[in-house]
Amino acid sequence: MQSSETLVAQRRLARQARQRFVEGLCASLPDLHKTVGEFLSALMAQTGTQREMQTRRDAWLLYQQHQAAWLDGTAKAWRDAVLPASSAGPGGRAVNLSFELLSDDVVENKIVASRMALTVAEQVSQQFDSLRQRTQVLEGQDMDSTDILRAETICLNLVEQWVEAGLPRTDLLRVIDPLQRELANQVQKHYQAVNVFYVEQGVAAPTDMRNRVRRTTAGASGAAALGADRSDRVAGPASGRGEPLRRPPMGPMGGSIPQVPGSYPAMAGGGLGAVTGMTPLIRARQRAQGVMGQLRRLLSQPVTGFDMTQAPPASAALAHALSAQRVQAETHYSGMVTIAEDYSPAAVVQVAGAVRERSAELKKKAVTPGEKAIIEVVALMFQSILAEDRIPPAVRVWFARLQVPVLRVALAEPEFFSNLDHPARQLIDRMGACVMGFDATAINGSALEAEIRRVVQVIEQYPETGRRVFQLVHEEFEKFLSKFLTEKQATSRLVSVAQQVEQRETLAIQYTIELRTMLRDMPVRDEIREFLFKTWAEVLALSAVRDGAQHADTVMFKQTAADLVWAASAKPNRSDRALVIQQLPGLLQRLRQGLTLIGVTGADQDATVKVLTDTLAEAFLSKTASIPQAHIEAMSKRLANLEDFINDATLGDMPLNSESIEMMLGIDASSIFVIADNDAPVDDAMVAWAQELKPGTWYTLDHNGSSAQVQYVWQSKRKQLHLFAAVDGSSYLIQLRRLAAYLQSGLLVAQDEEGLTMRATRDALAKLDANPERLLD
């Protein structure tokens with residue numbers, strides 16, 4: 001039994017380690033400041049809408065004003081966390097016996113801090129585990145959940161001081177990605193330094209062989225446990241048990257329903273917090289990162305001996321077995337497909353049995369515990385994929401043939417178990433997402449089934465399958481989708497029209513801006529200005545889209561704008577008045593031609609022309625200063641080459657209406673639902689999410705009280721228009737911000753939000769939880 005003097009000395013050493021760690025972190029604050037400042041500066045330099053550019057500049061200015069307070073407050077909070085607690089329980093640990101409802105700000109800070117801690121914990125998990133074990137040896141107990149050595153405590157202090165310094169939490173979400181990456185680098189460096197200090201003091205990490213194959217929640221960061229939660233519980237720091245945590249409400253097929261900004265499920269403590277920028281996509285990715293962290297820790301246990309940074313070459317026996325399996329696979333499965341020409345569920349059952357047998361054979365050939373563990377994890381993942389009944393049997397049969405290529409990748413590239421964006425995972429996820437909306441009979445013999453078959457066969461042909469091969473076929477599959485999803489005649493025509501609509505509306509906005517610039521210092525009457533900005537810009541845009549910017553008609557309409565400005569200016573000279581009288585009939589004819597082009601006819605056209613002729617008559621008799629001829633000539637020249645002066649940076653919110661679709665299609669568009677922007681409030685994070693949707697993915701759409709199963713098939717060049725195709729043949733053309741509003745309100749819900757390989761990984765971990773011995777046996 002240790003003496004009290006020894007215990008005091010050990011705890012003093014642990015406190016010194018914490019002080020070293022915190023001082024190192026504080027010394028790293030200038031690096032964090034530099035990362036945030038450079039990111040905001042780069043963001044401010046990017047082009048965008050006027051509102052976006054102003055928002056970015058405001059964020060940069062606020063940071064310049066308050067960054068010193070944030071850095072000083074963070075340093076003080078970190079240092080205060082090392083100080084001895086005034087009231088402590090057993091073991092010198094502070095005990096908080098007060099119970100109170102948490103404010104919205106407290107809950108929001110914790111949510112943002114948990115998000116940061118997930119990323120940090122994933123990168124530093126190995127160094128932290130070593131540090132935690134050594135500290136536990138000194139103190140005789142595991143770390144408190146609020147220990148400053150934990151990533152979640154570090155992040156929470158940083159987030160709280162950001163808000164305390166007067167900086168908006170939304171700005172923190174804007175810079176969170178580069179900030180958390182730099183923070184992870186710094187935390188890892190200082191974990192390493194403290195571990196070196198412990199080694200120098202003779203403190204060794206314990207080795208407990210009783211825990212040969214187990215997943216520990218105690219050794220994991222609390223934030224990682226939160227993100228990886230599969231049992232609705234948050235693991236406690238010592239017991240492995242915790243308090244229940246409500247999940248977000250679940251949508252169709254298990255996808256979580258998007259939360260309206262300003263609300264969030266009740267958190268422990270009773271507070272309700274607004275989760276600005278926390279889209280379901282972000283929450284799903286956080287949970288996925290937690291799952292990947294658990295898998296990595298499982299494979300990194302001493303008993304497996306698997307190096308997650310650099311995998312050793314596969315043993316000779318296993319390499320030979322893999323080569324033999326590759327040769328046998330195509331013949332074996334081809335025979336089974338011939339037996340089950342309709343790709344019936346019975347064929348899938350046979351394939352699943354073959355997958356299990358093949359895994360057992362490979363495991364017998366494996367030499368090292370690491371090889372056995374990887375074979376088992378990959379086998380369990382493919383068992384889960386083959387059991388996914390939302391995927392047509394025909395596709396599952398082809399997915400089964402990817403087991404050996406994926407296994408080769410997993411053995412050679414440990415990143416497969418930690419990187420959500422690994423090409424092998426991306427390919428399987430994309431193929432799975434694209435087929436979940438098809439019934440079993442519709443996909444048989446289709447172009448999509450043929451492409452999946454081709455992809456699998458290409459992968460099988462490479463004797464050494466690696467990242468490069470999966471990346472290549474993934475890119476090819478994406479190119480295939482871009483054509484396949486829009487190849488139907490009706491869809492292709494609608495896409496063409498939608499492209500023209502976006503181009504037309506974009507040009508109309510840009511022409512209006514340029515006309516405003518040209519007329520800024522000219523004495524032009526308000527009636528003429530309004531006509532040019534609101535009506536004639538539409539004429540120019542539609543003519544440019546239909547016939548081309550330099551077509552004779554478009555050039556004529558541009559010159560008409562300059563002629564109208566000149567005709568509407570004062571004419572003190574007799575010669576100028578005579579010229580106006582001479583040119584007026586032709587000018588009015590061209591104006592009517594342009595109005596007819598955009599659908600302004602009949603009485604509406606007559607009323608518009610009357611306003612213009614009345615204005616011209618008043619200008620004819622006006623004695624005010626006229627517009628110099630040089631200005632008119634300059635305007636004409638600029639209008640003739642207007643496209644040289646406009647760019648995407650001037651693009652604002654684009655209007656859209658069903659009439660424009662009807663006019664450009666020239667047919668009845670009753671099966672096309674045009675869902676235009678309606679100024680509904682929507683969070684910017686939802687807009688960003690809407691722009692990142694992947695073509696081919698299936699959704700459940702609730703529009704006007706009717707639910708439809710739709711596939712996302714196309715987005716316009718500037719991502720302002722988005723097209724969804726329903727199984728009944730109807731189409732939904734949705735404008736960007738309205739699409740974001742549908743996502744935000746839960747009217748558009750992904751049928752597979754999690755992803756095929758992530759769900760397979762989660763299922764594999766669940767099986768290993770229940771039967772950990774199978775990992776090596």
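Predicted model: local features only at pLDDT ≥ 70, side-chain atom pairs only at ≥ 80, totals over all residues.
Residues count from 1 along each chain as its sequence is written. Local features need pLDDT of at least 70, side-chain atom pairs count only at pLDDT 80 or more, totals for chains, interfaces and linings use all residues, and side-chain values use heavy atoms, leaving out hydrogens and water.

**Exercise 1.** Work out which helix has the lowest mean pLDDT and which the highest.

*Solution.* Start with the scale: pLDDT is the predictor's confidence in each residue, from 0 to 100. The protein averages 75, and 73% of the residues score at least 70. Now go by element (helices are DSSP runs of H or I, at least four residues; strands are E, at least two).

**Exercise 2.** Classify how α5 packs on helix α6 (residues 169-200).

*Solution.* First, grab the geometry: the angle is about 140 degrees and the axes lie 11 Å apart. Axes are lines fitted to C-alpha atoms over the stretch in contact, with angles from 0 to 180 degrees between N-to-C directions.

**Exercise 3.** Find the bridge partner of Tyr712 in β4.

*Solution.* Strands β3 (residues 706-715) and β4 (residues 721-726) pair in the antiparallel sense over five bridges; pairing takes at least two DSSP bridges. In β4, Tyr712 is partnered by Phe724.
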